[in-house]
Amino acid sequence: MPRHLLFIWLAMSALSGCVEITAAWADLDPSGKETARPPLAIPSGPQAVHAWESESRPDLQRRLQEAIYGIMPSNGQTAVLEKRVLDAAAFSGAGTLEKWTLNVRGEFAEAAFSSGPMQVHVLIPHNRPGPHPIILIQSFCPARSTLQHPAMTDPDDDAGSGGIFGAIATYVFGRFICTPPVEDILASGYGIAIIDQYAFVPDDSTAGLATLREFAKSNDETKTRWGAIGAWGWLYARVAEAVERDPRINADAVIAWGHSRYAKAALVAAAFFPQIDGVIAHQSGTGGASLNWNKPGESVRGIIKNYPHWFAPGYADFIDASDGKGPRPDLDQHMLLALIAPRPVFLGNARRDVWSDPNGAFRAAKGAQPAYALYGATGLNVGRLNEFEPAAELAFWLRPGTHGVVEEDWPAFLQFLYAHFPATNRKSCASKASKCQ
Ligand code: GCU
């Protein structure tokens, strides 16, 4: 689907969900459904971290891939084909804007694939000495909407932010849905990389599925075929690998940022790939941070029907459980969050975005807590959804309003980054117990 149609379609689906979005409020108290989550088995004793990292964690990764995201490639490489400076003094001199051309290559058990040349736009801050933490961004907006700069003139970007489509998206999903506050981010000492995930696996049930089937032809098409959320997650890790090799970037501070479908992908990236040092997952919802069992908001049945390319076909096994009709599954999304421990995760939510089920995301964070405790990390240290602790490794953010990226969101994202990835330190030991001992 061309991107301008995708915008319109997104706006229409958001508006058609208005009854739920505007009439319902997320419950701020998580205790009502406290037991509705399968136990997370965490090893104990002196070898507990070793047992978790060498056995329990890989086993959980395998089970989540088989059941929900599809089997990941066994191997991946990223080649940087070109780095071109577009503007050495972009955004009023706040940073250098570059266009990188990458080729990513992956291997499945019996098949290999390569992306062909794909673009990443990179901004390196000027105001502080590096190496800089960097925020990797995937979004449904074209790169020239995300970085509003005269050098961003890709003719394939048919939904420029100045046009009607950008205006609709901004009206429905907030002023910052396409365009982050680039100058503030650079001034705070953070680099930015905008990934064109659409050129890798298009967000389209026909073209996306065709690409996924082609790439993952050795996976079982009826159960474990790669889904786009898994593929975009894998792509975050491939881009992380490229930016880590650049001496201007702090290889210990690579943060995957995503909103909604890309928040799901950002969580997947961190859960399965060590290249990701932290995550900002804003309104990730179903298939992201929100628990699957007996869930309010978007059902597993609904997400599979509307987005057949996002998950492995096996995710359909969760349909009855998500409707509250089947037995409680023995896997759920708190396990995805547990795989990220002890790295910092920001879970963004809005009170009236019940579609994304903030309460289920909070309970998932609680369920992941034992994995953070294993590393001696704080994890989640609040009892209700509206208590924001940016310095906690599981930082839960709930603002008023609905689905989208609005005025209050970026300051909260930045507070989390300042706490865990200070722009002047090479390594943030407080948040990386295992790496810093
Ligand atoms: C739809 C979809 C969500 C998704 C969202 C988005 O609302 O149902 O699962 O997170 O689109 O990506 O904006």
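Predicted model: local features only at pLDDT ≥ 70, side-chain atom pairs only at ≥ 80, totals over all residues.
Figure 1. A cavity here is a set of points, on a 1 Å grid over the protein atoms alone, where a 1.4 Å probe fits but cannot get out, and lining residues have an atom within 4 Å of a point. Points are joined across faces, edges and corners, and the volume is the space filled by probe spheres set on them. Look for Gln138, Ser139, Phe140, Ile177, Trp257, His259 and Tyr262 around this space. Four of these lining residues are nonpolar, three are polar and none is charged (nonpolar: Ala, Val, Leu, Ile, Met, Phe, Trp, Tyr, Cys and Pro; charged: Asp, Glu, Lys and Arg; polar: the others, Gly among them).

**Figure 2. The largest cavity.** This one has a volume of about 50 Å³. Its lining is made up of Ile137, Ser139, Thr146, Phe176, Ile177, Cys178, Pro180, Trp257 and Trp410. By class, that gives seven nonpolar and two polar residues, with no charged ones. The model has three cavities of 30 Å³ or more.

Figure 3. Around the ligand you will find Ser260, Arg261, Lys264, Glu298, Ile303, Tyr307, Trp310, Trp355 and His403, each with a heavy atom within 4 Å of it. The shell comprises four nonpolar, two polar and three charged residues.

Figure 4. The pairs shown here are N or O atoms within 3.5 Å. A polar side-chain atom of Ser260 is 2.6 Å from a ligand oxygen, and a side-chain N or O atom of Arg261 also lies 2.6 Å from an oxygen of the ligand. For Lys264, the distance from a side-chain N or O atom to a ligand oxygen is 2.9 Å. The protein buries 91% of the 320 Å² that the ligand exposes when taken alone (Shrake-Rupley method, 1.4 Å probe).

**Figure 5. Confidence along the chain.** The average pLDDT, the predictor's confidence in each residue from 0 to 100, is 90, and 88% of the residues score at least 70.

**Notes.** Residues are numbered from 1 along each chain as its sequence is written, and side-chain values use heavy atoms, leaving out hydrogens and water. Local features need pLDDT of at least 70 and side-chain atom pairs 80 or more, while totals for chains, interfaces and linings use all residues.

Key. Polar contact = N/O pair within 3.5 Å; in protein donor to acceptor, adjacent residues only side chain to side chain. 1 Å grid on protein atoms, 1.4 Å probe; cavity = no way out; pocket = protein on both sides within 12 Å on 5 of 7 lines; lining within 4 Å.
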